[in-house]
Amino acid sequence: MTDPVTQTEQVHDTRTLEALLFVSDEPLSPAVLSQAMELDRRAVEALCDRLQADLEARGSGLVLRNIAGGWRLFTHPDTQPIVERFVLSSRQARLTKAALETLAIVAYKQPATRHQVSAIRGVNSDGVLSALVDRGLIEEAGRDEGPGRPLLYATTPQFLERLGLPSLASLPSLAPLLGPDVELEDAVDRVVDAPEGEESGASPQESPAEPEEG
């Protein structure tokens, strides 16, 4: 009979593993998972195998795959047509304020790392950055030379096209918004909250004007 304590620990470890895989945008190696979960490598590999089997057994919309030396969650192949249609349609929706803030920070500070964006916003911005990449408004622009060599992000030509700007030089200056007691995030908020078309110089027709995303 399984020890209730051991079973509870296994549930906790599996839940933790699934959460780490969910928030990661790249395969996580057993070594990385082992360090994050404070478990030995063999235990982590056994958990990954168990989670992979559990997802398949319960008919989950996610599958766990071992690729490129690590583990990563993917949507189930059977869901591809609907997921693809949803992703493509959501790209046309109006950006949320969180996405606008993140996009403005990347635009003015580019190239910027995830940590830099999150530090300026004061909240974790990984999901918002991934969504902006999916929508083609920002892209990976190499790696920073600092510890861990984190990914750098910059805006794309589609970003300029959506705003109706000829180049990044046409972005509104933050200088008038920056005083001795004004932080960068406050200045970015003022740009984000400005009436549509006023700050960027783009007409309402040139700015994104699709329905608000849910």
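Helix α3 spans residues 41–57, with 17 residues, and its first and last C-alpha atoms are 24 Å apart, close to the 24 Å expected at 1.5 Å a residue. The expected span is 1.5 Å times one less than the number of residues. Helices (H or I, at least four residues) and strands (E, at least two) are DSSP runs, numbered from the N terminus. The model is predicted: local features need pLDDT of at least 70, side-chain atom pairs count only at pLDDT 80 or more, and totals for chains, interfaces and linings use all residues. Residues are numbered from 1 along each chain as its sequence is written, and side-chain values use heavy atoms, with hydrogens and water left out.

**Helix α3**

- V44, L47, C48, L51 and L55 of α3 are buried, where buried means under 20% relative accessible area, exposed over 50% and partly exposed in between (1.4 Å probe, protein chains only).
- D40 caps the N-terminal end of α3, with a side-chain oxygen 3.1 Å from the backbone nitrogen of R42.
- A polar contact is a pair of N or O atoms within 3.5 Å; within protein, one must be able to donate a hydrogen and the other to accept it, and residues adjacent in sequence count only if both atoms are side-chain atoms.
- G59 follows α3 and has a positive phi, near 65°.

**T14 in helix α1**

- T14 is found in helix α1, residues 4–23, and is buried at a relative accessible area of 14%.
- A polar atom of the T14 side chain lies 2.8 Å from the backbone oxygen of Q10.
- Not counting residues up to four places away in sequence, T14 touches L47 and L51, and both L47 and L51 are among the buried residues of α3; contact means heavy atoms within 4.5 Å.

**The sheet β3-β5-β4**

- Three strands form an open sheet in the order β3-β5-β4, with antiparallel pairing; two strands pair if DSSP finds at least two bridges between them.
- β3 (112–113) and β4 (138–143) stand at the edges with a single partner strand each, so one side of each has no neighbour in the sheet.
- β4 pairs with β5 (residues 151–155) in the antiparallel sense over 4 bridges, and L151 in β5 is the bridge partner of R143.
- Helix α5 (residues 97–109) lies across β3, β4 and β5 and runs at about 95° to β5.
- Axes are lines fitted to C-alpha atoms, for helices over the stretch in contact, and angles run from 0 to 180 degrees between N-to-C directions.

- V128, L129 and L132 of α7 are buried.
- They lie on the same side of α7 because their arc around the axis is only 100°.
- The cover over the buried residues of α7 includes α5, α6 and β4.
- S125 lies in the loop between α6 (114–121) and α7 (126–134), and is buried with a relative accessible area of 0%.
- Leaving aside its neighbours within four places in sequence, S125 is in contact with T102, V117 and S118.
- Just after α7, G136 has a positive phi of about 80°.

**Backbone details in loops**

- Q110 and P111 are joined by a cis peptide bond with omega about -5°, and P111 lies in the loop between α5 and β3.
- A68, a residue other than glycine, has a positive phi near 50°.
- A68 is located in the loop between β1 (62–67) and β2 (70–75), where A68 is exposed with a relative accessible area of 78%.
- R149 is also a residue other than glycine with a positive phi, near 45°.
- The loop between β4 and β5 holds R149, which is partly exposed with a relative accessible area of 38%.

**The whole chain**

- The chain contains 9 helices and 5 strands, following the pattern α-α-α-β-β-α-α-β-α-α-β-β-α-α along the sequence.
- Of the 214 residues in the chain, 33% are buried.
- Of the contacts between residues at least 6 apart in sequence, 49% join residues at least 24 apart.

Definitions and conventions: The arc is that of the directions from the helix axis to the C-beta atoms.
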